Amino acid sequence: MSVTRETLVLSHAGAMQALVAAIAHAEKMGIPQCVFIVDASGETIASIRMDGAKYLSMHTARAKARTAASINAPTGAISFESATAAGIASQGGVTHLPGGLPIRFGGRLAGAIGIGSGTGDQDFEVARAALAAIGADAV
């Protein structure tokens, strides 16, 4: 068994490129959004609350990104009961709300993105546009 493992890290330049793409797509949709981009450990690399986006969506967008990074999967599939317990245990850091996607390159986790302020489908659409803009794996 190896005592080390290789990791992949999303750069701040990649995070900014994804952020710009998310903003552009949200503007095109006419839905102001909160966008959070985190590294694989869930620490924030970049974030923004677009003019007109809901204030509390900053909290949910961050939780969506952190959850997607933690589970290496889209948010929204955790059962309500499990997500509620995890949300309490993590002091709001984990959520079952849709709108969070892992950022992977070649199947390797590099970070995650969380979008909030639209419907779950709108949030996922903006997140997918950001992933496409940086050449990340489609989710």
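Guide: The model itself is predicted.

Visitor: What's the fold made of? How many helices and strands?

Guide: Four helices and four strands. Starting at the N terminus, the order is α-β-β-α-α-β-β-α. The radius of gyration is 14 Å, close to the 14 Å that the globule rule gives for 139 residues, so the chain is as compact as a globular protein of that length.

Visitor: What box do the C-alpha atoms fill?

Guide: Roughly 50 × 35 × 20 Å, along the principal axes.

Visitor: What about contacts across the sequence? What share joins residues at least 24 apart?

Guide: Take contacts between residues at least 6 apart in sequence. Of these, 64% join residues at least 24 apart.

Visitor: Switching to charge. How many positive and negative side chains are there?

Guide: There are 10 positive and 10 negative side chains. The centres of the two sets lie 2 Å apart.

Visitor: How many salt bridges does a search of the whole structure find?

Guide: One. Asp123 pairs with Lys64, and their closest N and O atoms are 2.9 Å apart. Asp123 sits in helix α4 (residues 120-133) and Lys64 in helix α2 (residues 57-71), so the pair ties together parts that are 59 residues apart in sequence.

Visitor: Are those two buried or exposed? Start with Asp123.

Guide: Asp123 is buried, at a relative accessible area of 1%. Lys64 is buried too, at 4%. The cut-off for buried is under 20%.

Visitor: Why can such side chains pair at all?

Guide: Side chains of opposite charge can pair when their charged atoms come close.

Visitor: Back to helix α2. What does Ser57 touch?

Guide: Ser57 lies in helix α2. Leaving aside neighbours within four places in sequence, Ser57 contacts Cys34, Gly116 and Ser117. Ser57 is buried, with a relative accessible area of 9%.

Visitor: Tell me about Ser117. Where does it lie?

Guide: Ser117 is in the loop between β4 (108-116) and α4. Its phi is near 130 degrees, which is positive, and Ser117 is not a glycine. Ser117 counts as buried, at 12% relative accessibility.

Visitor: Now the strands. Where does Ile45 sit?

Guide: Ile45 is in strand β2 (residues 44-49). Ile45 is partly exposed, at 28% relative accessibility.

Visitor: Which residues is Ile45 in contact with, leaving aside neighbours within four places in sequence?

Guide: Leu10, His12, Ala15, Ile37, Val38 and Asp39.

Visitor: Leu10 is on that list. What separates the C-alpha atoms of Ile45 and Leu10?

Guide: They are separated by 8.6 Å. Along the chain, Ile45 and Leu10 are 35 residues apart.

Note on methods: Residues are numbered from 1 along each chain as its sequence is written. This is a predicted model: local features need pLDDT of at least 70, side-chain atom pairs count only at pLDDT 80 or more; totals for chains, interfaces and linings use all residues. Side-chain values use heavy atoms; hydrogens and water are left out. A salt bridge is a side-chain nitrogen of Lys or Arg within 4 Å of a carboxyl oxygen of Asp or Glu. Helices (H or I, at least four residues) and strands (E, at least two) are DSSP runs, numbered from the N terminus. Buried means under 20% relative accessible area, exposed over 50%, partly exposed in between (1.4 Å probe, protein chains only). The radius of gyration is taken over C-alpha atoms; the globule rule is 2.2 Å times the number of residues to the power 0.38. Contact means heavy atoms within 4.5 Å. Lys and Arg count as positive and Asp and Glu as negative; His and the chain ends are not counted. The place of a charge is taken as NZ of Lys, CZ of Arg, CG of Asp or CD of Glu.
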